[in-house]
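The following exercises concern a single protein chain.

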Amino acid sequence: LVALGASWPSAEDRLETTIDIWWFAASFAGDGGMLLLIPQVLRWHPVWSRCKVRVFVVNDTNDVADTTMAETIDAYLKDVRISAEMMTVPLVS
C-alpha cells in the first residue's frame, strides 16, 4: 500500500482522490478478490470514503482491445458490487 504525497493522511483529513489497483491479468484466475477488498475496506473509513477506485488490468497478451478479458473483469466487478473504473494496460517487455 502506497500513499501518494508527503505523508500519510491524518484521521481528520478527507481525501478526494483515487485508489489505484494494479491487477495482472494472469492472476485473474487466482484470488484477485482479496486485492479488490483492500480499497473497499479503506473506503469504510471517513478519510478514504470520498475516493474513487480505479482498476488497471495489466494484459499479458499485449492486446489492449482484448474485449473478452475486459468484459469478464467488468462483469466480476459488478457481481461483487465494486464501483470502479477499469482500464486495460498492455504488458511491455
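**Exercise 1.** Is Phe56 buried or exposed?

*Solution.* The model is a predicted one, in which local features need pLDDT of at least 70 and side-chain atom pairs count only at pLDDT 80 or more, whereas totals for chains, interfaces and linings use all residues. Residues are numbered from 1 along each chain as its sequence is written, and side-chain values use heavy atoms, with hydrogens and water left out.

Step 1. The classes are set by relative accessible area: buried is under 20%, exposed is over 50%, and partly exposed lies in between (1.4 Å probe, protein chains only).

Step 2. Phe56 has a relative accessible area of 11% and is therefore buried.

Step 3. Phe56 belongs to strand β2; helices (H or I, at least four residues) and strands (E, at least two) are DSSP runs, numbered from the N terminus.

Step 4. Leaving aside residues up to four places away in sequence, Phe56 touches Asp20, Ile21, Trp22, Trp23, Met87 and Val89, a contact being heavy atoms within 4.5 Å.

Step 5. The C-alpha atoms of Phe56 and Pro90 are separated by 10.0 Å, and these residues are 34 apart along the chain.

**Exercise 2.** State which elements make up the protein chain, and describe how the strands are arranged.

*Solution.* Step 1. The protein chain has two helices and three strands, and from the N terminus on they follow the order β-α-β-α-β.

Step 1. The three strands form an open sheet, ordered β1-β2-β3, with parallel pairing. Because β1 and β3 (85-90) stand at the edges with a single partner strand each, one side of each is left without a neighbour in the sheet.

Step 2. From one strand to the next, the twist averages 25°; axes are lines fitted to C-alpha atoms, for helices over the stretch in contact, and angles run from 0 to 180 degrees between N-to-C directions.

Step 3. Two strands pair if DSSP finds at least two bridges between them. The parallel strands β1 and β2 are joined by seven bridges. Asp20 has Arg54 in β2 as its bridge partner.

**Exercise 3.** How many salt bridges are counted, and which parts of the chain do they connect?

*Solution.* Step 1. A salt bridge is a side-chain nitrogen of Lys or Arg within 4 Å of a carboxyl oxygen of Asp or Glu. Under this rule there are three salt bridges.

Step 1. Asp20 forms a salt bridge with Arg54, with 2.7 Å between the closest N and O atoms. Asp20 lies in strand β1 and Arg54 in strand β2, so this pair ties together parts that are 34 residues apart in sequence. Asp20 is partly exposed at 33% relative accessible area, and Arg54 is partly exposed at 25%.

Step 2. Glu16 forms a salt bridge with Arg50, the closest N and O atoms being 3.2 Å apart. Since Glu16 lies in the segment before β1 (18-24) and Arg50 in the loop between α1 (32-43) and β2 (52-59), the pair ties together parts that are 34 residues apart in sequence. Glu16 is exposed, with 61% relative accessibility, while Arg50 is partly exposed at 49%.

Step 3. Lys78 forms a salt bridge with Asp74, and their closest N and O atoms are 3.6 Å apart. Both residues lie in helix α2 (residues 67-79); being four residues apart, they are separated by about one helical turn. Lys78 is exposed at 59% relative accessibility, whereas Asp74 is partly exposed at 30%.

**Exercise 4.** Which residues form a nonpolar patch on the surface?

*Solution.* Step 1. Patches are made of residues with over 30% relative accessible area and no salt bridge; like charges are joined within 9 Å and nonpolar side chains (Val, Leu, Ile, Met, Phe, Trp, Tyr) within 5 Å.

Step 1. The nonpolar patch consists of Met34, Leu37, Val41 and Trp44, with about 460 Å² of accessible area together. Such areas come from the Shrake-Rupley method with a 1.4 Å probe; for residues, only the protein chains shown count as cover.

Step 2. Trp44 is located in the loop between α1 and β2 and is exposed, at 70% relative accessibility.

**Exercise 5.** What is the phi of Arg81?

*Solution.* Step 1. Most residues other than glycine have a negative phi.

Step 1. Arg81 is not a glycine, yet its phi is positive, at about 60°.

Step 2. Arg81 is found in the loop between α2 and β3 and counts as exposed, with 75% relative accessibility.
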